[in-house]
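Subject: Handing over a structure

Hello,

Here is the structure I promised to pass on to you. Have a look at it first, and then read on for my notes.

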Amino acid sequence: MRRAARETIYALATARGRAGVSVVRVSGPNARDALRLTRPPGGANSSDGAATAAEHGRLRLVEFARGDAARDEPPIDVGFVAVFASPRSFTGEDVVELHAHGSAAVQRALMDALGTLDNFRVAEAGEFSRRAFRNGKMDLTQAEGLADLLDADTEAQRRQAMMLSRNAAQRSMYETWRKELLTCAAYCEAALDFGEEEDIASDVVERKVRERVKALRDTLQKYLDAPARGELIRRGVRVALVGSPNVGKSSMLNALAGRDAAIVSPHAGTTRDVLEVSLELGGYKVIVSDTAGLRETEDDVEKLGIARALERAEDADVVVALADATNDASNIDLKALNLSKKTIVNVWNKSDALSDGQTRELMEIENETAADGYETAVVSCLTGAGLDGFISTLTRIVAQKCTIGDDASDANDSTLAITRSRHRVNLARCVASLDAAVARARASSASASALELEAEELKLAARALGRVTGAYDVEDVLDVVFRDFCVGK
Ligand SMILES: Nc1nc2c(ncn2[C@@H]2O[C@H](COP(=O)(O)OP(=O)(O)OP(=O)(O)O)[C@@H](O)[C@H]2O)c(=O)[nH]1
Ligand SMILES: [Mg+2]
């Protein structure tokens, strides 16, 4: 999919379809040729200079025409043109932006006209950003941040993406760590160079390298062990609604979604498959799954549905275990499910149908389960009673999962260290190499070959970190990072 940057690329930078304005972006060595499609307002014969003398970054009012040959033809549209001279542009190349009216016909006519220019072709998805990366305008973590910003639905996603794309905060974390490792590797090599004097070698390695490597290893491990807040904010906190058939799981999904997303019926076993709804709670993205009711069954389709429900519960960050408040038998045995480490909320639904005696009994059970560390709620999806309380409990849990206690700087750090599985994999690789380095050092203290191997492991560890920002092995990761971009970005 990689094509030469010698070609000039163009694409619609704004969404396709009807809008007030749409922007076509052109980037590459011949980008200024796009100015040949522009002429001063009033036609070719009015005083010249609108296009060719365009000032860097300034919008100029122009007419768009089909090309040099058709100067006397009526214009395609009237709009603005802006020129960003290399290297002061998004891609680092010469960039020209054509701002026209946002209609399908104008967009098509402009794109067709650009297609007639020599060495021009339509951009591939993410190609502008890829060129920006190649020209050193951003590193991979910033490119990922930009992709996240384009995808951001919630406030927390937007904030995190801005931090990644603008401040290069993630890059500086990884670069600091990488430099530390390269420094340590350099000490090892320096010790090797003075190898004849064994004392110097062991002294340097012992004091400087080992302590520093161990400290860094522990720091990185801390980030790996910390809850994956950055990832959670990006992909959303997963909440699974599980319970016996007919307890009101689908009713709860509909109540949370504020619409009839799932079928509700008095027949036990109505929901067979997993149904997902995305919501925003407290500024965070939440994905709620309605699942098939759990019970013994001979029905093959229902069995499949139940298997999926259990899988969903295991994958979820929060499990909402629903039961029918009027029916003790509807409580599921949570211990039988593999839900260790999950946050569990016990919800008793249908509180509207409780007798006074049942209400008292339920309150006792509620107190017991709360004492066991579970969150609890008593609600009625039918009347809406208790739902506000339940939703604020859920919001609190979601916010806790996405943020961290009091130390704000620590919160930012641990949220930013890992925002994608790509980062996690490389961080884990780095820690593995550091462990290997420590093991080498321990196995044969300060012998020349051990030092050499130790330096090698440290460089491998540094390389794993470099992969995150794009300092190494760029070709392997480019397609992964840029594949999610749309055409025109
Ligand atoms: N009285 C009362 N009935 C409710 C309440 N919530 C749900 N129901 C009824 O309970 C029945 C089952 O509701 P569903 O939401 O379909 O239950 P479910 O847990 O999704 O059931 P399955 O998909 O079969 O597992 C329906 O007839 C609902 O109208 C409630 O709060 N009070
Ligand atoms: Mg259902």
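Predicted model: local features only at pLDDT ≥ 70, side-chain atom pairs only at ≥ 80, totals over all residues.

Residues are numbered from 1 along each chain as its sequence is written, and chains are lettered from A and ligands numbered from 1 in the order in which they are written.

The protein has 15 helices and 13 strands (DSSP runs numbered from the N terminus: H or I of at least four residues for helices, E of at least two for strands). Of its 489 residues, 41% count as buried, meaning that 20 or more other C-beta atoms, placed from the backbone, lie within 10 Å of the residue's own.

Now back to the strands. An open sheet of mixed pairing is formed by seven strands, in the order E3-E4-E5-E6-E2-E1-E7; two strands pair if DSSP finds at least two bridges between them. Strand E3 (38-39) and strand E7 (120-122) are the edge strands, each pairing on one side only. E3 is joined to E4 by two bridges, and the two run antiparallel. E4 also pairs with strand E5 (residues 77-84), in the antiparallel sense over five bridges, and there Arg 60 stands opposite Val 81. Strand E4 (residues 60-64) is largely enclosed by the rest of the structure, because four of its five residues are buried. Strand E1 (residues 8-12) and E7 run parallel, joined by three bridges, with Phe 120 in E7 as the bridge partner of Thr 8.

The domain assignment (bounds from an automatic or database source) gives domain 1 (8-137), domain 2 (167-227 + 418-467) and domain 3 (232-402). The centres of domain 1 and domain 3, taken over C-alpha atoms, are 53 Å apart.

Finally, the ligand. Around ligand 1 there are 22 residues, of which Ser 250, Ser 251, Thr 271, Gly 293 and Leu 382 come nearest (a residue is near if its C-beta atom, placed from the backbone, lies within 6 Å of the molecule). Helix H8 (residues 249-257) gives the largest share of this shell, three residues.

Enjoy exploring!

Best wishes

Technical notes. Buried ≥ 20, exposed ≤ 12 C-beta atoms within 10 Å, placed from the backbone.
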